[in-house]
Amino acid sequence: MNRFCKYIICTVALVISGYTGYNQNLRDMLNDAAKKKGINLPTTNSGSLSNTEVVNGLKQALQVGTQNSAKKLSAVNGYFGNQLIKIAMPPEAQKVEQALRDIGMGSKVDQAVLSMNRAAEDAATKAVPIFVNAITNMSIQDGMSILKGDNNAATNFLRSKTYAALTVAFAPEIKKSLDKVNATKYWGDVFNAYDRIPFVEKVNPDLTSYVTDKALNGLFISIAQEEANIRSNPNARVTDLLKKVFGNM
């Protein structure tokens with residue numbers, strides 16, 4: 001058998017082995033033909049993965065990532081102690097912050113900022129059921145796209161599928177949390193104090209909407225970090241299925 005024919009058989013074998021949805025009968029037929037010609041076919045680990053295993057592995061990765069993120073962010077200083085996602089005063093209110101600090105009332109601003117972050121920490125775990133619903137409905141096509149995507153492909157999928165629902169569901173929880181940690185009071189104190197300054201332009205952004213948006217953005221940043229960790233760190237793959245799926249990437 002000439003070298004070109006051997007090359008063709010080996011190439012076809014690699015293509016079939018690398019496709020997670022390949023037909024096993026076709027693979028077996030190719031093996032038999034190759035053996036008769038004395039050819040040892042190349043093998044790949046990814047060929048042992050079914051589409052179902054891939055999708056289930058990705059679902060597990062997202063479940064682990066969302067649960068870990070929610071747990072971290074719901075702890076004290078989960079938001080406030082993380083400079084990457086800490087919630088600061090909104091841009092339109094920064095002139096309020098500066099004006100109050102200039103007249104020695106920075107403590108009121110500090111209380112408002114701390115309370116916004118405490119509200120986000122308090123509400124963080126409320127997002128998990130919404131995530132679980134989106135994860136459960138992941139399709140095979142979604143799964144294959146995620147598997148071959150960037151390190152944050154699963155996070156981007158989750159964001160596209162859940163952000164609108166999270167905003168609707170999360171806002172009331174944020175509102176409750178803002179009231180619970182006295183953020184509403186501190187916010188009111190800040191703007192009441194600012195409004196007493198002569199000749200200033202009045203401004204008072206929607207606190208609930210702002211904190212909801214920042215809290216969700218921080219949550220997805222944390223989930224992206226968890227996803228990247230699972231993809232790159234074998235020790236983060238806490239189930240056999242995660243080890244199998246991500247070990248074959």
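Q: Is Ser 69 buried or exposed?

A: First, the ground rules. This is a predicted model, where local features need pLDDT of at least 70, side-chain atom pairs count only at pLDDT 80 or more, and totals for chains, interfaces and linings use all residues. Residues are numbered from 1 along each chain as its sequence is written, and side-chain values use heavy atoms, with hydrogens and water left out. Buried means under 20% relative accessible area, exposed over 50%, partly exposed in between (1.4 Å probe, protein chains only). Ser 69 has 0% relative accessibility, so Ser 69 is buried.

Q: Which residues does Ser 69 touch, not counting those up to four places away in sequence?

A: Contact means heavy atoms within 4.5 Å. Ser 69 touches Leu 219, Ser 222, Ile 223 and Glu 226. A polar atom of the Ser 69 side chain lies 3.3 Å from the backbone nitrogen of Ile 223.

Q: How many salt bridges does the structure hold?

A: A salt bridge puts a side-chain nitrogen of Lys or Arg within 4 Å of a carboxyl oxygen of Asp or Glu. The structure holds 10. One of them joins Glu 53 and Lys 244 (2.8 Å, N to O). That pair links distant parts of the chain, 191 residues apart. Glu 53 is partly exposed at 21%, and Lys 244 is partly exposed at 31%.

Q: What separates Arg 101 and Glu 97 in helix 4?

A: Helices are DSSP runs (H or I, at least four residues), numbered from the N terminus. Arg 101 and Glu 97 are four residues apart in helix 4 (residues 94-102), so about one helical turn separates them. Their side chains meet in a salt bridge at 3.2 Å, N to O.

Key:
Polar contact = N/O pair within 3.5 Å; in protein donor to acceptor, adjacent residues only side chain to side chain. Helix = DSSP H or I, 4+ residues; strand = E, 2+ residues; numbered from the N terminus.
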